[in-house]
Amino acid sequence: PSPADRIDRLVPSRSTEDKAAGLANASPRIAADMAEAGTRRAAAMARGRLIHALLQHLPDLPESTRTEAARAYLRQPAHGLDAAAQADIETAVAGVLTHPALAPLFGPEGRAEAPVAGIVNGMEIGGLIDQLAIFPDRIVIADYKTDRAPPASPEAIPPAYLGQLAAYAAVLRAIHPGRPVTALLVWTATGAVMTVPDALLTRHAPRPQQPSSP
């Protein structure tokens, strides 16, 4: 496409942003609602980062010390959390760490922020798995989602999440042929754990790249 065509395609998205800004400037109520939504989103993201950090590091500590370590971390003034917010995050983290389905991930074989890299169907794949456990007869992986409520069913999981897990599973299967991979999504807002069916992983697995047309 010509440069003009590219510019034309970019204009609508910019125009939408401009319109939103114009509405906000024209209506104090809309501006306040947008600011409130942004604040809620920022708070959810901050909460998610704290939960993720605790889930990454607490499993390396003896169980008897985890509660106090979590409380000491959350009490740090830099986080700006009141007592209720600290208790809320502590409860969410404890719910994940004690969930029966996640026990294999927090045992001796479990690793947090485990790097994975490989080539599947001609595609380079790399990333960090939130929690990984490799056993002689199976592999378990988990991805934490900290900023949203869980969907009603695995079929309603956002495709981006499924694609990420499917790519990791494909790399691990290539590295450890013959070992089944169990993929879990952990929704830390509620402590829900969702097993992703193999059929969904297969459906979203990396596909061979089609040659581009001349």
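How many residues does the hairpin that joins E2 to E3 pass through? Four: that is the link between E2 and E3.

## Ground rules

This is a predicted model, so to speak with care: local features need pLDDT of at least 70, side-chain atom pairs count only at pLDDT 80 or more, and totals for chains, interfaces and linings use all residues. Residues are numbered from 1 along each chain as its sequence is written, and side-chain values use heavy atoms, with hydrogens and water left out.

## The strands

Helices (H or I, at least four residues) and strands (E, at least two) are DSSP runs, numbered from the N terminus. Two strands pair if DSSP finds at least two bridges between them.

E1 (residues 110-120) runs antiparallel to E2 (residues 123-134), with 10 bridges. Arg111 has Leu132 as its bridge partner in E2. Two residues sit between E1 and E2 in their hairpin, and Asn121 in that turn has a positive phi of about 50°. On to E3 (residues 139-145): E2 and E3 are antiparallel too, joined by four bridges, and Gln131 faces Ala142 in E3.

## Rings and charges

There's one aromatic pair here (ring centres within 6.5 Å, using the six-membered ring for Trp; planes under 30 degrees apart are stacked, over 60 edge-to-face, the rest tilted). Tyr161 and Trp187 have ring centres 6.0 Å apart and planes at 45°, so the pair is tilted. Because Tyr161 lies in helix H5 (residues 159-175) and Trp187 in strand E4 (residues 181-187), the pair ties together parts 26 residues apart in sequence. Both Tyr161 and Trp187 are buried (under 20% relative accessible area, 1.4 Å probe, protein chains only).

Tyr161 also has Lys145 over its face, 3.9 Å from the ring centre (NZ of Lys or CZ of Arg within 6 Å of the centre and within 35 degrees of the ring normal). Likewise, Arg138 lies over the face of Phe135, at 4.6 Å from the ring centre.

How values were computed: Buried < 20%, exposed > 50% of the residue type's maximum accessible area, 1.4 Å probe, protein only.
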